[in-house]
Amino acid sequence: MIHFYTKKACLLCDEAKLMLEFFQDEYDFNVRECDIYTNDLWLEKYQLLIPCVKVNNAILDASQLNWETLRNFLDQYVGNKR
């Protein structure tokens, strides 16, 4: 399960979501989309990091997120290719 921390009206979040959807064809994972404005803890923890992809305790945040880093992250932390 991938937790995807996001918010509405966020272009970077929209791009990251498209990347995740693209990689779902290649990797076997589900995405739980977490709007940071629905939970005070998420808002405090992730507001400067979104979009943020989290698997277990590993995090890939907006400052690092691109096609290559997301693929490497999925290889390392999801690994289940279809």
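Is C34 buried or exposed? At 0% relative accessibility, C34 counts as buried (buried means under 20% relative accessible area, exposed over 50%, partly exposed in between, with a 1.4 Å probe and protein chains only). Here are some notes to read beside the structure.

1. **What you are looking at.** This is a predicted model, in which local features need pLDDT of at least 70 and side-chain atom pairs count only at pLDDT 80 or more, while totals for chains, interfaces and linings use all residues. Residues are numbered from 1 along each chain as its sequence is written, and side-chain values use heavy atoms, with hydrogens and water left out.

2. **The cysteines.** A search of the whole structure finds 1 disulfide (a pair of cysteine sulfur atoms within 2.5 Å). C10 and C13 form it, with their sulfur atoms 2.5 Å apart. The link of C10 and C13 is right-handed, with 70° about the S-S bond, and both C10 and C13 are buried. C34, from the opening question, is in no disulfide; its nearest cysteine sulfur belongs to C52, 9.6 Å away. C52 is in no disulfide either, and C52 is buried, with a relative accessible area of 0%.

3. **The nonpolar cores.** A nonpolar core is a set of buried Ala, Val, Leu, Ile, Met, Phe, Trp, Tyr and Cys residues joined through side-chain atoms within 4.5 Å. The largest one has 17 residues, and I2, F29, V53, L70 and L74 have the most contacts inside it. At least two residues of this core come from each of β1, α1 (11-23), β3 (52-55), β4 and α3 (67-77) (helices are DSSP runs of H or I, at least four residues, and strands are runs of E, at least two, numbered from the N terminus). Helix α1 gives the most to this core, with 4 residues. Apart from it lies another core, of 9 residues, among them C34, W42, Y46 and I50.

4. **A look at L60.** Find L60 in strand β4 (residues 58-60). L60 counts as buried because its relative accessibility is 6%. Leaving aside residues up to four places away in sequence, L60 touches P51, C52, V53, L65, T69, L70 and F73 (contact means heavy atoms within 4.5 Å).

5. **Aromatic rings.** The whole structure holds 7 aromatic pairs. Rings of Phe, Tyr and Trp (its six-membered ring) pair if their centres lie within 6.5 Å; planes under 30 degrees apart count as stacked, over 60 as edge-to-face and the rest as tilted. Y5 and Y46 are stacked, at 3.9 Å centre to centre and 15° between the planes. Y5 lies in strand β1 (residues 2-6) and Y46 in helix α2 (residues 40-46), so their pair ties together parts that are 41 residues apart in sequence. Elsewhere, ring pairs link F22, F23, Y27 and W67 into a cluster.

6. **Salt bridges.** The count comes to 2 salt bridges (a side-chain nitrogen of Lys or Arg within 4 Å of a carboxyl oxygen of Asp or Glu). In one, E33 meets K17 at 3.2 Å, N to O; E33 is in strand β2 (residues 31-35) and K17 in helix α1, 16 residues apart. E26 and R71 also meet in a salt bridge, at 2.6 Å, N to O. Since E26 lies in the loop between α1 and β2 and R71 in helix α3, the pair ties together parts that are 45 residues apart in sequence.
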